[in-house]
Amino acid sequence: MRYRRGLLQLEGLTERIVPAVSIRAVDGDLLISGIANLNAGKTAQSLFIAVTADNTVQIRDGGTTSATGTDRGTYSVTGDLILNLSNRNDSVIISLENGSDLDGGIVANLFNGNDSLTIRIPNNDGSSTIYGGVTVDGGNGTDQLVIDNLDAGATLDIQGGVSFNGGAG
């Protein structure tokens, strides 16, 4: 009896991108790095960071509001909030809610891609202070830094100054 041997074939693998955001607290700083999940509209890798009380942040991976995306936890931040994201189109919203303050600053390395960082005071939430500075490096691409005050009676005080490098694009 003779067995017939089948032909060997190779199957191509599809691209498998697994978004992964790493969050670490180090000496009062909060370091957020990696690739965020896509937002609901699938237009950008999105993070929503709500400062819910003084030096307390809640992170929503893939979110654009406090109710969307995956809850990645609540953290105490007495130092800087540091973002090291991806070479994709990153969208980050930092919402200073309930008149909350940050004792440190914000350092955002958004790398290449069409990136945006929005620092927002929601409507009727009161004035907030960032006691450190805000530094944004967007890399290559069309980048934006938006300071968005939706509460006409509130102020946002950034005591350490603002630096924005949008890169080439």
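The model is predicted, and local features need pLDDT of at least 70, side-chain atom pairs count only at pLDDT 80 or more, and totals for chains, interfaces and linings use all residues. Residues are numbered from 1 along each chain as its sequence is written, and side-chain values use heavy atoms, with hydrogens and water left out.

The chain contains 14 strands and zero helices. Both kinds of element are DSSP runs numbered from the N terminus, a helix being H or I with at least four residues and a strand being E with at least two. Along the sequence, the pattern is accordingly written β-β-β-β-β-β-β-β-β-β-β-β-β-β.

Six of the strands form an open sheet with mixed pairing, in the order 1-2-6-8-11-14. Two strands are taken to pair if DSSP finds at least two bridges between them. At the edges stand strand 1 (20-26) and strand 14 (162-165), each of which pairs on one side only. On average, neighbouring strands of this sheet are turned by 5 degrees against each other, direction ignored; the axes are lines fitted to C-alpha atoms, for helices over the stretch in contact, and angles run from 0 to 180 degrees between N-to-C directions. Strands of a sheet pair through backbone hydrogen bonds, either parallel or antiparallel. Strand 8 (residues 106-109) and strand 11 (residues 134-137) run parallel and are joined by four bridges. Within this pair, Ile 106 stands opposite Val 134 of strand 11.

The chain has 169 residues, of which 41% count as buried (under 20% relative accessible area; exposed is over 50% and partly exposed in between, with a 1.4 Å probe and protein chains only). Among contacts (heavy atoms within 4.5 Å) with a separation of 6 or more, 70% are between residues 24 or more positions apart.

Ser 46 lies in strand 3 (residues 45-53) and counts as buried because its relative accessibility is 0%. Beyond its neighbours within four places in sequence, Ser 46 is in contact with residues including Ala 36, Asn 39, Arg 60, Thr 64 and Ser 91.

Leu 156 belongs to strand 13 (residues 156-158). With a relative accessible area of 22%, Leu 156 is partly exposed. Residues up to four places away in sequence aside, Leu 156 touches Leu 96, Ile 119, Ile 121, Ser 128, Ile 130 and Ile 147. Of these, Ile 119 is 37 residues from Leu 156 along the chain, and their C-alpha atoms are separated by 9.3 Å.
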